[in-house]
Every structure is written in structure tokens, then in C-alpha cells.
Amino acid sequence: MAEKKLSVAIITLNEAHNLKRCLDSLRDLPDEIVIVDSGSTDGTRAVAAEYPQVRFIEQSFLGYGPQKDFALDQTQHEIVLSLDPDEALSEELYHSIK
């Protein structure tokens, strides 16, 4: 059986202080990471740029649910993990998904 590819969708607004921890916890797990940002002014884009698998999209805030849906629509793979930037995978969850 072919291994399925994984997308991660994250919405952000001024989350530079949280984003690195979140992205580091994903390590080599996702095939793509889509970050939808609502106009950060704190260096969120610079943090995201440190990760080659990140696609950074700017989108005015649509509301929490609609913004999450927009991020989901930007992903390319069938399996999507939706995270907030203040979340990080535990070792147990990382290995369970892997």
C-alpha cells in the first residue's frame, strides 16, 4: 500500500514567539506545511521562511472557522493535520502519526 502524503495547515497572526516550537515538533513528518497569515508584523514570516516545506500565504482574517477552512483549501494532500501555532506535537503523537 502506498504511503499517503500529509499536509499541515496553520493559521497565524503575530505568532513568531510560538511558531518555531510548533514547526520544530513536526520535524520530517509533513510533506507540506501551509501557513495562512492574517498580516503579522512580528517576524512570523521570517520564522516560517526558515522551513523549506512551508508555503506562506497572506489572507485577511475571515473569522476563525472560515480562516481554518481557507487554510485547508490551500493544502494539496488528502490527509491534513490542522494546528494552531501555540500547539506542538508530543513525542508520542509524532510517532503515532509517523
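Contact is taken to mean heavy atoms within 4.5 Å. The structure is a predicted model, in which local features need pLDDT of at least 70 and side-chain atom pairs count only at pLDDT 80 or more, while totals for chains, interfaces and linings use all residues. Residues are numbered from 1 along each chain as its sequence is written, and side-chain values use heavy atoms, with hydrogens and water left out.

Leaving aside neighbours within four places in sequence, Leu-23 is in contact with Ile-10, Ile-33, Ile-35, Ala-48, Tyr-51 and Val-54. Leu-23, Ile-10, Ile-33 and Ile-35 are also among the residues with the most contacts inside the largest nonpolar core, together with Leu-26 and Leu-83. A nonpolar core is a set of buried Ala, Val, Leu, Ile, Met, Phe, Trp, Tyr and Cys residues joined through side-chain atoms within 4.5 Å; buried means under 20% relative accessible area, exposed over 50%, and partly exposed in between (1.4 Å probe, protein chains only). The largest core has 19 residues. Two or more of its residues come from each of E1, H1, E2, H2 and E4, where helices (H or I, at least four residues) and strands (E, at least two) are DSSP runs numbered from the N terminus. H1 gives the most to this core, with five residues. Another core, of six residues, lies apart from it and includes Ala-9, Ile-11, Val-36 and Ile-57.

The strands form an open sheet of four, in the order E3-E2-E1-E4 and with parallel pairing; two strands pair if DSSP finds at least two bridges between them. Strand E3 (54-58) and strand E4 (79-83) are the edge strands, each pairing on one side only. From one strand to the next the twist averages 20 degrees. Helix H1 (residues 16-26) packs on the sheet and touches E1, strand E2 (32-37), E3 and E4, with its direction at about 175 degrees to that of E1. Helix H3 (residues 64-74) also packs on the sheet, touching E1, E2, E3 and E4, and its direction makes about 145 degrees with that of E1. For these angles, axes are lines fitted to C-alpha atoms, for helices over the stretch in contact, and values run from 0 to 180 degrees between N-to-C directions.

Strand E1 (residues 6-12) is joined to E4 by five bridges, the two strands running parallel. Within this pairing, Val-80 of E4 is the bridge partner of Ser-7. E1 is joined to E2 by six bridges, again in parallel, and Ile-33 of E2 is the bridge partner of Val-8. The chain passes from E1 through H1 to E2 in a right-handed β-α-β crossover. A crossover is right-handed if, with the strands pointing away from the viewer, the path from the first strand over the helix to the second runs clockwise. Five bridges pair E2 with E3 in the parallel sense, and the partner of Ile-33 in E3 is Val-54. E2, helix H2 (residues 44-49) and E3 make a right-handed β-α-β unit.

E2 is mostly covered, six of its six residues being buried. In a regular strand the side chains alternate between the two faces of the sheet. In E2, Glu-32, Val-34 and Val-36 point one way and Ile-33, Ile-35 and Asp-37 the other, and all are buried.

Side chains of opposite charge can pair when their charged atoms come close. Seven salt bridges are counted, a salt bridge being a side-chain nitrogen of Lys or Arg within 4 Å of a carboxyl oxygen of Asp or Glu. Lys-4 forms one with Glu-78, the closest N and O atoms being 3.6 Å apart. This pair links distant parts of the chain, with Lys-4 in the segment before E1 and Glu-78 in the loop between H3 and E4, 74 residues apart. Glu-78 counts as exposed, at 67% relative accessibility.

Arg-27 forms a salt bridge with Glu-91, with closest N and O atoms 2.8 Å apart. Arg-27 lies in the loop between H1 and E2 and Glu-91 in helix H4 (residues 91-97), so the pair ties together parts that are 64 residues apart in sequence. Arg-27 is partly exposed, with a relative accessible area of 37%, and Glu-91 is partly exposed at 46%.

In the salt bridge between Glu-58 and Arg-45, the closest N and O atoms are 2.3 Å apart. Glu-58 belongs to strand E3 and Arg-45 to helix H2, so the pair ties together parts that are 13 residues apart in sequence. Glu-58 counts as exposed at 53% relative accessibility, whereas Arg-45 is partly exposed, with a relative accessible area of 45%.
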